[in-house]
Amino acid sequence: MLADSSGGALAKKRRSPEGLQLSSRRQIVNKIYFGDNLPILQELPSESVDLVYIDPPFNTGKRQKRTQIKTTRSQQGDRVGFSGQRYKTLKLGSREYDDIFDDYLGFLEPRLVEAYRLLAPHGTLYFHIDYREVHYCKVLLDQIFGRECFINEIIWAYDFGGRSRKKWPAKHDNILMYVKDPGNYTFNVEEIDRIPYMAPGLVGPEKAARGKLPTDTWWHTIVGTNSKEKTGYPTQKPLGVLKRIITASSRPGDLVLDFFAGSGTTGVGCLELGRRFILIDNNEEALAVMAQRFAGCPDIEWIGYPPPGSAAT
Ligand SMILES: C[S@@+](CC[C@H](N)C(=O)[O-])C[C@H]1O[C@@H](n2cnc3c(N)ncnc32)[C@H](O)[C@@H]1O
């Protein structure tokens, strides 16, 4: 029997506004599309999405490639590890996609116009880009959203990999945040994860235990080679960064759209946080990674791609 007459945890959960909202939106259906995002976006209904996060190719002029390897102990191994142990490297395969555009802004513009149309009046766009393109993209987004709708430039800072000796090593990405209505948008400040004070001794034990709100500079490590999160997809973004965005700028049950989905990090964040999602990618390798990442998840409709063991439309 499910009834809880004691007024205990179950009853409290049912009474909470968040619980009510969740139960009234029980039909959580998520969609993953394989294809060019523009015609797919054009078919989606206006103002139907609460949050858009996109991480388009950065226009590096290269083919993005990541080779996944596995090492096993072997006397004849090609790598030397801890205590002089030798390891044999096994290539598991590589995943790649093009990151070359003759007319980058011309490619982005119609897609960003669609993102604006799809956003609900209280909706937010997070646009993830690198330091070489961000200025051009800011001007384009100002034209589409209006300068007054620009809220933040988040600097995601990491400290990993080689260091140039000829210039300051570039170790950050830029994330531009725009809203449709600067007077009314979702921002759940109380839900945001807190970070430690630099000098906890100066603020007293209570504040120190609670931590402080992050600023617009986020220190977060990249997805590490040995991390459990690692999918092998090039340019995979860390779940921690996505979860902070989804937590702050959407509510449980809301619909989140990522139309440059790659390995599907946005979808994983949504599943963990009780949001619905639409993901789109035109690279079959991205779909293969997502099929692995979402294996066994029943609430997903796959469109244009048949993942192993599930019916696609
Ligand atoms: C930087 S990656 C996204 C990585 C993703 N944020 C993650 O965490 O894995 C950009 C993705 O955009 C996809 N893409 C590029 N052009 C596209 C298009 N016209 N339609 C749909 N997807 C596209 C690429 O295949 C690539 O997977």
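Here are some exercises with worked solutions on this predicted model.

**Exercise 1. Find out how far the predictor's confidence carries across the protein.**

Let's start with the average: the mean pLDDT of the protein is 85, and 78% of its residues reach 70 or more.

**Exercise 2. Describe the overall fold in terms of helices, strands, burial and contacts.**

Begin by counting elements: the protein has 9 helices and 12 strands. Then turn to burial, where 29% of the 313 residues count as buried. Finally, take the contacts between residues at least 6 apart in sequence: 67% of them join residues at least 24 apart.

**Exercise 3. Locate the largest nonpolar core and explore the contacts of Val 256.**

The largest nonpolar core holds 54 residues. Val 52, Tyr 53, Phe 127, Val 256 and Leu 257 have the most contacts inside it. Now pick Val 256 and set aside its neighbours within four places in sequence; its contacts then include Asp 50, Leu 51 and Tyr 53. Further along the chain, Val 256 also meets residues including Ile 246, Thr 266, Cys 270 and Phe 277. Charged partners are on the list too, among them Arg 275 and Arg 276.

**Exercise 4. Which residues of helix α7 are buried, and what do they pack against?**

Helix α7 covers residues 239-249, and its buried residues are Val 241, Leu 242, Arg 244, Ile 245, Ile 246 and Ser 249. For their partners, go through the strands: the buried residues of α7 pack against β2 (49-54), β6 (119-129), β7 (150-157), β9 (217-219) and β10 (255-258). A helix joins these strands as a partner, namely α8 (265-273).

**Exercise 5. Work out how the buried residues of helix α9 are arranged around its axis.**

First list them: in α9 (residues 284-293), Ala 286, Leu 287, Val 289 and Met 290 are buried. Looking down the axis of α9, these buried residues fall within an arc of 160°, so they line one face of the helix.

**Exercise 6. Characterise the surroundings of the ligand.**

The ligand is surrounded by 19 residues. The closest are Phe 260, Gly 262, Ser 263, Thr 265 and Asn 283.

**Exercise 7. Where do Glu 47 and Thr 235 lie, and is each one buried or partly exposed?**

Take Glu 47, which sits in the loop between α3 (37-43) and β2. Its phi is near 55°, a positive value in a residue other than glycine. Glu 47 counts as partly exposed because it has 13 C-beta neighbours inside 10 Å.

Then take Thr 235, found in the loop between β9 and α7. The phi of Thr 235 is near 65°, again a positive value in a residue other than glycine. Thr 235 has 19 other C-beta atoms within 10 Å, so this residue is partly exposed; the cut-off for buried is 20 or more.

**Exercise 8. Trace which residues Val 29 touches.**

Val 29 is in the loop between α2 (17-24) and β1 (30-34). With 11 C-beta neighbours inside 10 Å, Val 29 counts as exposed. Not counting residues up to four places away in sequence, Val 29 touches Arg 276, Asp 299 and Glu 301. Of these, Glu 301 is 272 residues away along the chain, yet the two C-alpha atoms are separated by 7.2 Å.

How values were computed:
Residues numbered from 1 in each chain as written. Predicted model: local features only at pLDDT ≥ 70, side-chain atom pairs only at ≥ 80, totals over all residues. Helix = DSSP H or I, 4+ residues; strand = E, 2+ residues; numbered from the N terminus. Buried ≥ 20, exposed ≤ 12 C-beta atoms within 10 Å, placed from the backbone. Contact = placed C-beta atoms within 7 Å. Near = placed C-beta within 6 Å. Core = buried A, V, L, I, M, F, W, Y, C linked by C-beta atoms within 7 Å. pLDDT = per-residue confidence, 0-100. Arc of directions from axis to C-beta.
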